[in-house]
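Reader: Hi! I'd enjoy a close look at the salt bridges in this structure, and at what surrounds them. Could you walk me through them?

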Amino acid sequence: MRLIIDRFEDGFAVCEREDLSHVRVEAGLLPDGAKEGSVIDFSDGVYTIDEAETLKRRREMSKKLRRLFGK
């Protein structure tokens, strides 16, 4: 299962699923370095950060923001 961390609140990460629904994950279960926007894979009971996909999404968002604000 792939998740994207939307935000942290009350000790939980609110994550978006691929179907755009949301799930709360206890923040302590996430790997070190997980933050808003991180792409997280869950497999065999373990959460890991997909560094390549996280970087790709951050670059895409940066491009969109530059186009939106003309920078």
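Author: Happy to; what follows starts with the salt bridges and then turns to their surroundings. Please keep in mind that this is a predicted model.

The count of salt bridges comes to 4. In the pair of Asp41 and Arg2, the closest N and O atoms are 3.1 Å apart. Asp41 lies in strand β4 (residues 39-43) and Arg2 in strand β1, so this pair ties together parts that are 39 residues apart in sequence. The other partner, Asp50, meets the side chain of Arg2 at 2.7 Å, N to O. Here too the link is between distant parts of the chain, since Asp50 sits in the loop between β5 and α1 and Arg2 in strand β1, 48 residues apart.

Another salt bridge joins the side chains of Glu9 and Arg7, at 3.2 Å from N to O. Glu9 is partly exposed at 32% relative accessibility, and Arg7 is partly exposed at 33%.

Now for the nonpolar side of the picture. The largest nonpolar core has 10 residues in all, among them Leu3, Ile5, Tyr47 and Ile49. Strands β1 (2-9), β2 (12-17) and β5 (46-49) each supply at least two residues of this core. Ile5 is worth a click in your viewer: leaving aside residues up to four places away in sequence, Ile5 touches Ala13, Val14, Cys15, Leu30, Ala34, Lys35, Glu36, Gly37, Ser38 and Ile40. Several of these contacts, including Ala13, Cys15, Leu30, Ala34 and Ile40, are themselves members of the core.

Glu18, in the loop between β2 and β3 (22-26), is exposed, with a relative accessible area of 67%. Glu18 and Met1 are 17 residues apart in sequence, and their C-alpha atoms are 8.3 Å apart in space. Elsewhere, Leu65, Leu68 and Phe69 make a nonpolar surface patch of about 350 Å². Leu65 belongs to helix α1 (residues 51-69) and counts as partly exposed at 44% relative accessibility.

Terms used: Residues are numbered from 1 along each chain as its sequence is written. This is a predicted model: local features need pLDDT of at least 70, side-chain atom pairs count only at pLDDT 80 or more; totals for chains, interfaces and linings use all residues. Side-chain values use heavy atoms; hydrogens and water are left out. A nonpolar core is a set of buried Ala, Val, Leu, Ile, Met, Phe, Trp, Tyr and Cys residues joined through side-chain atoms within 4.5 Å. Buried means under 20% relative accessible area, exposed over 50%, partly exposed in between (1.4 Å probe, protein chains only). Helices (H or I, at least four residues) and strands (E, at least two) are DSSP runs, numbered from the N terminus. Contact means heavy atoms within 4.5 Å. Patches are made of residues with over 30% relative accessible area and no salt bridge: like charges are joined within 9 Å, nonpolar side chains (Val, Leu, Ile, Met, Phe, Trp, Tyr) within 5 Å. Accessible areas come from the Shrake-Rupley method with a 1.4 Å probe; for residues, only the protein chains shown count as cover.
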